[in-house]
Amino acid sequence: MTVGTLGQIIAIIGAESTGKTWLARELARVLGARGVDAVMVGEVLREFCDHHGRTPQAHEQAGIAAEQTRRIRQAAQTHAVVLADTTALSTAVYSELIFQDHSLYPGAISDHAEAAMTLLTAMDLPWVADGLQRDGPHVRRPVDELLRQVLLRARAPFAVVSGQGVARIDQALGMVEHVLDEPRRRERAASGPRWRWFCDNCDDGECEQHWLSRGA
């Protein structure tokens, strides 16, 4: 990476058991195979639950959110693309859902805005038990709805990723590549021909615009 530049952050969020970790890992793998300096940042909540053998309490949520953001920012300083397996926004949503605590939203929304793209994983995968951090299939819809509401209120653009297996990866990969190609598109647009409109003052009698005017 160029000194002073930050990598593009791709935020992958969604309800539990919707393939976020798998998708982040596969996107990092595929992009890496294509020569892109991509890295995955894992979910801090998972580490917390594995380490403590329990889910976090209300007063521990802010620390988890802050650590998630810190790791994402750190990765963006040394890698061109960061695939973030969730962001502080997810912690804020669970704080509201479980503890009725809305205090994490301002910081989480501000942190999430650093992402170049947000991928929201659809609930078209079956729920699978996976450690302490999963509460059960009954929370998937409320979490999905809260995430969508917060993203819309924050005017944060997002794309929904759906499908099974390779189709899910291909769909997400197409979205990511579109974002990564944006600087090249801007460069092509800036270096391309700049067309000018002459017809208002044109003195070419054979110009078809003059002909159309006369025939009107």
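1. A residue counts as buried when its relative accessible area is under 20%. In this predicted model, Threonine 91 has a relative accessible area of 12% and is therefore buried.

2. Threonine 91 belongs to helix α4, which spans residues 88-99. Leaving aside residues up to four places away in sequence, Threonine 91 touches Gln61, Ile64, Ala65 and Leu104.

3. Two packed helices are described by the angle between their axes and the distance between the axes. For α4 and helix α6 (residues 140-153), the angle is about 120° and the axes are 10 Å apart. The arrangement of α4 relative to α6 is therefore oblique, and their crossing is right-handed.

4. On the α4 side, the residues that meet α6 are Leu89, Ser90, Val93, Tyr94, Glu96 and Leu97. Their counterparts in α6 are Pro142, Val143, Leu146, Leu147, Val150 and Leu151. Sorted by class, the contact of α4 with α6 comprises 10 nonpolar, one polar and one charged residues.

5. A further helix pair is formed by α1 (residues 20-33) and α7 (residues 165-180), which pack at an angle of about 60° with their axes 10 Å apart. This angle makes α1 oblique to α7. The crossing of α1 and α7 is right-handed.

6. Helix α1 contributes Trp22, Leu23, Glu26, Leu27, Val30 and Leu31 to its contact with α7. From α7 come Gly165, Arg168, Ile169, Ala172, Leu173, Val176 and Leu180. By class, the contact of α1 with α7 holds 10 nonpolar, one polar and two charged residues.

7. In soluble globular proteins, nonpolar side chains tend to be buried together. The largest nonpolar core here has 22 residues, of which Leu27, Leu31, Leu83, Leu119 and Val176 touch the most other members. At least two residues of this core are supplied by each of β1 (8-14), α1, β3 (81-85), β4 (117-121), β5 (159-161) and α7. Helix α7 provides the largest share, seven residues.

8. Which residues does Leucine 27 touch, not counting residues up to four places away in sequence? They are Ile12, Leu83, Leu119, Ile169, Ala172, Leu173 and Val176. A second, separate core has 17 residues, among them Leu89, Leu104, Leu120 and Leu146. Of these, Leu104 is also one of the residues touched by Threonine 91, while Leu89 and Leu146 take part in the contact of α4 with α6.

Definitions and conventions. Residues are numbered from 1 along each chain as its sequence is written. This is a predicted model: local features need pLDDT of at least 70, side-chain atom pairs count only at pLDDT 80 or more; totals for chains, interfaces and linings use all residues. Side-chain values use heavy atoms; hydrogens and water are left out. Helices (H or I, at least four residues) and strands (E, at least two) are DSSP runs, numbered from the N terminus. Buried means under 20% relative accessible area, exposed over 50%, partly exposed in between (1.4 Å probe, protein chains only). Contact means heavy atoms within 4.5 Å. Axes are lines fitted to C-alpha atoms, for helices over the stretch in contact, and angles run from 0 to 180 degrees between N-to-C directions. Angles under 35 degrees count as roughly parallel, over 145 as roughly antiparallel, 65 to 115 as roughly perpendicular and the rest as oblique. A crossing is left-handed if the near helix is turned anticlockwise from the far one by less than a right angle, and right-handed if clockwise. Ala, Val, Leu, Ile, Met, Phe, Trp, Tyr, Cys and Pro count as nonpolar, Asp, Glu, Lys and Arg as charged, and the others, Gly among them, as polar. A nonpolar core is a set of buried Ala, Val, Leu, Ile, Met, Phe, Trp, Tyr and Cys residues joined through side-chain atoms within 4.5 Å.
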